Amino acid sequence: MTLTRHAIRFTSNIYRNGRYILPAGCAPDDDERQMFIIEQSQLHTVYEKMLYQQVPMPKAGQINKSVLDFVDQLASDFELIGTTTQDLRGFKEVLDRASQRTFNSPSITRHLFHALYQLGEYEEAEYALRSYLYLVGLISYGWEEAHKHGNALAIDQQGISMAIPTARPDLSDENTKGEHDSIGDIKNVEGEKIPNMLQVLMSAIKMYCNDLAKSVEAVEMAEIAKELYQKNKQHLTADIAASLYRAIGVAYGLLGCQTFDPEVRPTYHEKALSYLKQSLEINNHSWETYYQLALQQAEMHDIGQAIQSITRALQVNSSHLPSWHLLTLIVSCPVQGDFKQALKTCEIGLQQIELKDDHDESEQFMLFQMTRTWLLYALNGPESALTSSEILFSSFGKIAVIPEASQSGCHDMVLSGSFGNLSELQGQRRNNNRERSSSSASKENNSKSNELTAPSLRTGRARSASNLASKASITSTGLLSDGAKNHHHGLHLFGSRSTSRKDKGTDSLQNSINGNASIQSLPIEPYDMKVNNSVGSLQSISPSVTSFQSILQPSHIPTKPSARAVLRRQRSERILSDLWLLTAQLFIKLGKLDEAKKAVEEAEHVDWTNNPMVWCILGKLLLVSKKDIEETQAAFDKALVIDPYHAVSRLELAKSYLLQENDQMAEGILDNLTKSNGWDCAEAWFLLGEIYKKTERLDRTKACLFYALELESTTPIQPFSILPRFI
């Protein structure tokens with residue numbers, strides 16, 4: 001066992017240092033990384049089996065250091081040998097087995113949180129996060145109770161109100177000396193390091209900001225991280241400090257956007273700005289911080305400073321897609337000139353970007369192209385924009401297929417971009433409904449393997465350790481294993497291997513097939529519970545190498561899609577729905593109301609339960625069609641059922657009441673809108689000023705009209721909220 005442990009460390013070190021040598025018997029043109037993945041996975045598999053045969057179950061408070069060292073080494077090597085979701089699931093199972101041999105280990109819980117976050121299992125990741133923070137003493141039961149109470153309310157994406165807890169004061173250098181009376185009294189017998197804790201907290205902030213849009217939880221993690229850093233900053237590097245203050249600034253920026261209280265909201269935006277500037281004072285070469293600062297300044301309508309910040313970000317990293325998108329939106333503000341410069345900036349950005357095989361980046365690319373379509377409409381009219389939108393429909397397929405979410409049973413999406421055939425889409429949809437029932441069974445069977453096969457077939461990345469299991473068998477014996485009963489003896493950790501190899505051109509597909517085909521038949525029992533799993537000598541473990549199952553090969557593949565897959569599916573549907581709504585608005589501008597109605601119907605078919613803009617655009621269409629005003633208002637009311645705080649729908653509903661000369665209802669809606677998430681809506685302030693003018697409240701009229709004029713000059717062609725919150 002000692003020899004294997006040293007072999008693992010030695011192989012990992014020489015590979016990281018660029019001195020890795022292919023095992024004997026390998027062809028000179030063999031892929032070095034794939035051979036390292038095979039060798040290191042075998043070593044970890046063998047070592048885990050031997051380890052659990054010798055390590056007893058722990059007693060209360062006991063540390064199994066050998067298990068913790070094994071997990072830390074595997075976590076370090078996973079950066080090199082883990083490449084797919086399947087590998088992550090296998091790694092999570094390793095952590096589950098290790099947790100049975102330890103007692104409330106913070107380090108294992110930390111690795112578990114990171115694994116769950118990368119898998120997109122956000123609910124489980126939150127539980128692991130709370131457990132970790134309890135174990136290292138960063139939160140307590142009293143803290144859990146206290147954080148539920150606050151002075152202001154924030155509203156999340158589902159319209160749920162959240163109490164904002166009181167922020168902790170910044171600590172001076174004098175206050176950080178001596179004994180720590182709260183955070184920093186780490187009751188941790190394992191000696192969990194401060195940088196590891198801060199990394200967990202910063203990952204949690206990113207999860208709450210980007211994936212879950214929970215600003216209150218993000219700020220809670222930010223405040224804990226800030227106090228932990230301030231009490232231990234003499235032992236931490238400047239890079240950690242810069243990254244931490246950037247994360248804190250992002251958290252407060254999101255909280256400012258989700259806070260409706262007009263008295264408290266500006267303080268959160270100012271805090272966000274302050275922490276981001278602190279981050280730049282520590283490290284003024286970080287393009288990520290310049291992007292975050294530019295986004296925060298843009299949301300605060302400080303367009304002049306925002307354009308300077310985003311320019312600095314692009315000077316360092318000219319291929320970052322959201323940075324180009326942010327610059328385009330900033331330039332589209334009237335205060336910066338005209339739309340020609342914004343369109344030119346957009347075109348330059350599209351040329352600079354090298355699109356990767358990444359779903360989130362593909363989403364941002366689609367949104368960037370939608371901004372380009374709106375710019376074409378503003379400059380050249382609806383006809384030009386319609387031509388551009390056809391291209392958008394054809395490129396939507398890059399984000400339409402989410403393999404893991406294909407199990408969710410959602411309805412089929414309409415991807416057609418041929419506007420000339422819109423009149424036929426109703427018939428096509430009926431045919432699709434009839435075909436759907438006959439194809440559902442085959443979809444259910446195929447969806448289970450989509451998540452595993454799609455990445456290896458679509459990308460050129462190195463194959464995963466788990467999918468290379470069959471190749472390891474070929475390397476050792478020259479023949480594919482016929483099953484678990486086909487045993488061969490002799491383990492060579494460093495020695496020769498057979499030179500019998502398959503043609504490299506067919507290796508990838510064959511290995512993917514073999515690896516995926518064996519997933520459902522994997523044993524569920526832990527390694528140390530299997531029969532005939534003696535570790536009296538290295539020779540006795542040799543059957544597991546020749547019929548090799550990688551340590552990263554999971555025994556269970558979940559049938560339920562992850563939270564990330566569900567959210568991606570929802571975002572894909574929202575983008576497609578918005579594409580149809582964009583088309584509908586262009587048809588309305590052209591006076592083609594029948595075609596506009598069909599486009600709205602297609603948007604409704606895609607996402608009618610989650611996208612309030614479907615009903616909002618329908619209301620606009622009914623208004624243009626001179627339908628009954630009550631029918632129009634009913635459409636806006638449906639939008640507000642989906643999202644009670646939807647700013648555009650509330651604005652349109654107020655405008656419909658103004659058409660009825662019901663100024664009291666309109667004023668109530670507009671007053672509430674401008675005091676909440678519509679505080680930066682120029683048209684709402686203008687209409688409210690007009691109502692005040694009618695009722696001779698001249699002081700309020702003047703204030704509203706001037707503020708509307710100021711907001712109008714700094715409002716982009718699309719909202720800044722479509723950009724990623726945290727990069």
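Contact here means heavy atoms within 4.5 Å. This is a predicted model, in which local features need pLDDT of at least 70, side-chain atom pairs count only at pLDDT 80 or more, and totals for chains, interfaces and linings use all residues. Residues are numbered from 1 along each chain as its sequence is written, and side-chain values use heavy atoms, with hydrogens and water left out.

**View A. K356 in its loop.** K356 lies in the loop between α15 (339-352) and α16 (359-380). Helices are DSSP runs (H or I, at least four residues), numbered from the N terminus. K356 counts as exposed because its relative accessibility is 59% (exposed is over 50%, buried under 20%, with a 1.4 Å probe and protein chains only). Leaving aside neighbours within four places in sequence, K356 touches E361 and S362.

View B. T701, C704, A708 and L711 are buried. They sit on the same side of α30 because they cover an arc of only 105 degrees around the axis (taken from the directions from the helix axis to the C-beta atoms). The buried residues pack against α29 (682-694). On the other side, L698, D699, K702, F706 and L709 are exposed.

**View C. Helix α28 against α29.** Helix α28 (663-675) packs on α29 at about 140 degrees, with the axes 10 Å apart (lines fitted to C-alpha atoms over the stretch in contact; angles run from 0 to 180 degrees between N-to-C directions). Contacting residues include L670 and L673 of α28, and W685 and L688 of α29.

How values were computed:
Helices (H or I, at least four residues) and strands (E, at least two) are DSSP runs, numbered from the N terminus.
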